[in-house]
Amino acid sequence: HILGNHTTMFNSEASVMRSKMEDFSLKCMTRFIFALLILHGGQGCSPIPQCGFTPAAIHLTTVPGTVHVDVAERVYCIDTNGNDIEQAGRRTTVEIDAETGDVRYSEDEFKAERTYDPVPFSAQDSVDQNFSVDHDKENGKVIVTYFDNYMRSVPVIEHYFSIPDSEEIYFSFVGERIFETFYFVYKKVDSSIAVAVCGVIDEECVESDAPPELSDFEVYDFDESILVYSSLNLVAFPLLCCVCRDYEYFIFNSEGIERNLENFNYVFQAYNADPRVMHAYSAYTDGDGSIELRYNSLTTNEKIVREVSTAEIEEAAMTLYTSTTFNATDLAQGTMFDIVANSHIIVKGMDIHLASTETHEVSVYFRKGTNSFVNVMRHPGAWELVVNMEPVQGAGVGSATPLPAFRELSIAEGMKQGIYVTLASGKYMGLTSSNTATGDVYSPSENENVGISVGVAKDGGIFLYTTKNMVFNGKIYYVVDESKALDSSPAFALTQEFHQQHTSAILFTVAVSFIQQLL
């Protein structure tokens, strides 16, 4: 008897399990068929991976309406000739003001910081859909039974709504956490698709036309859960058709479902949404390789596209930097130091440490040739002036102050380049004393491409008093030059140095050879 009861129970559960498996298999088969159709009719749901950069993520910032977009270079891609290409996989971040269109490519220019309050859209909570719907077609009545805490056996509240001319209800969802409004998407007797918004308090329903995208019900999966984000007025309907995405997003309001949210329905793109300003953002790489930020207002019909310069991204992704320290122990009028190249580099810019936020007049000198500052600290003729008394607004203690633009400085691998930065008008910059000898590399600054030597402080005027063993406070921005031009290559530079050191011996050898030919 006990065995029989268990057998009956087992058979019943097995029957339910088989039914669920059949439904699951049918869904899988349907998606598989759609996948075959897509792959047969085109190139799959994603475009051919183009070379260049693609958006990886969109981050909200402390300034509503401004976002940070991470972009990454595809490691493997196909060029315009159909060739497989392997890229370096570089990454960078750009800051975009969606309303003004301003784009900032350097982190030093950013005006906002990344924030996780509010959390990203992917981590935002959706409204629990803990209810069932019974549809009385003959009388046009809908009974909604709400279940508490996911309990599907004990009804807590029942609501009755009158939806006339309703032939079939396809979707239903509750739009608010306090369960005051229900939404029903249904087909009317004339086969048109409508949306009914029904209030719990007055139990009245307002009918409106559904967006045209909701008329094709073959693409939706009615057995999966609907996602509702009440803080953003967004509802996501589960898709059956598509192997590339699981949901289609729509904007709803108090009168119905307003429209399709297009920029959330593109595949393989970065997206986010900000409930503070009710904006939905997406970043997309179009067919020509350029990057666009699209943002939709979730309360109006405003749609704006902001273009991002791929050339600027290229430069920003290539530009690296090395830094020493901003923990100053001393103040000085100027400083000399060496940039030590471990790779062939091109210096693009520099930050220094100014002690006050006043305006400073800054001059910058490069050591002539590719040579160290050591032994020419009081020899103006050995230096080239590249920035002459330019006004610079100081960022203050502990902060980096960018210097005015100067010409690009190429430094070959294995070489040292002397730098002299000095201030006028009695102002001072921060430096840090060191136990490392003057001219040796300050180890915290060194990486595989570049290092910065311990230098000296300069005071009392241009090229005057010197204090040794002082570390420059700041950053050096550079790119690695893969071309390695001959006239600045290590081999050529070392040959020049060898010639300078052995000029007498070379001239003697040439003279002897010439005399031998005469004889």
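The side chains of glutamate 168 and lysine 137 are joined by a polar contact of 2.9 Å; a polar contact here is a pair of N or O atoms within 3.5 Å, where, within protein, one must be able to donate a hydrogen and the other to accept it, and residues adjacent in sequence count only if both atoms are side-chain atoms. This is a predicted model, in which local features need pLDDT of at least 70, side-chain atom pairs count only at pLDDT 80 or more, and totals for chains, interfaces and linings use all residues. Residues are numbered from 1 along each chain as its sequence is written, and side-chain values use heavy atoms, with hydrogens and water left out.

Let's stay with glutamate 168 for a moment. Its place is in strand β10, residues 166-174 (strands are DSSP runs of E, at least two residues, and helices are runs of H or I, at least four, numbered from the N terminus). Glutamate 168 has a relative accessible area of 31%, so it counts as partly exposed, between buried (under 20%) and exposed (over 50%), with a 1.4 Å probe and protein chains only. Leaving aside residues up to four places away in sequence, glutamate 168 touches His135, Lys137, Val185, Tyr186 and Lys187, contact meaning heavy atoms within 4.5 Å. Histidine 135 is 33 residues away along the chain, and its C-alpha atom lies 8.3 Å from that of glutamate 168.

Strand β10 also leads us to the pockets. It gives 5 residues to the lining of the second largest pocket, the largest share; β7 (131-136) likewise supplies at least two.

Pockets are found on a 1 Å grid over the protein atoms alone, as open sets of points where a 1.4 Å probe fits, with protein on both sides within 12 Å along at least five of seven lines; lining residues have an atom within 4 Å of a point.

Of the 25 residues lining the largest pocket, Ser106, Glu107, Asp108, Thr319 and Tyr477 lie nearest its centre. Elements supplying at least two lining residues each include α2 (310-318) and β35 (474-480).

Overall, the protein has 4 helices and 35 strands, and buried residues make up 44% of its 519 residues.
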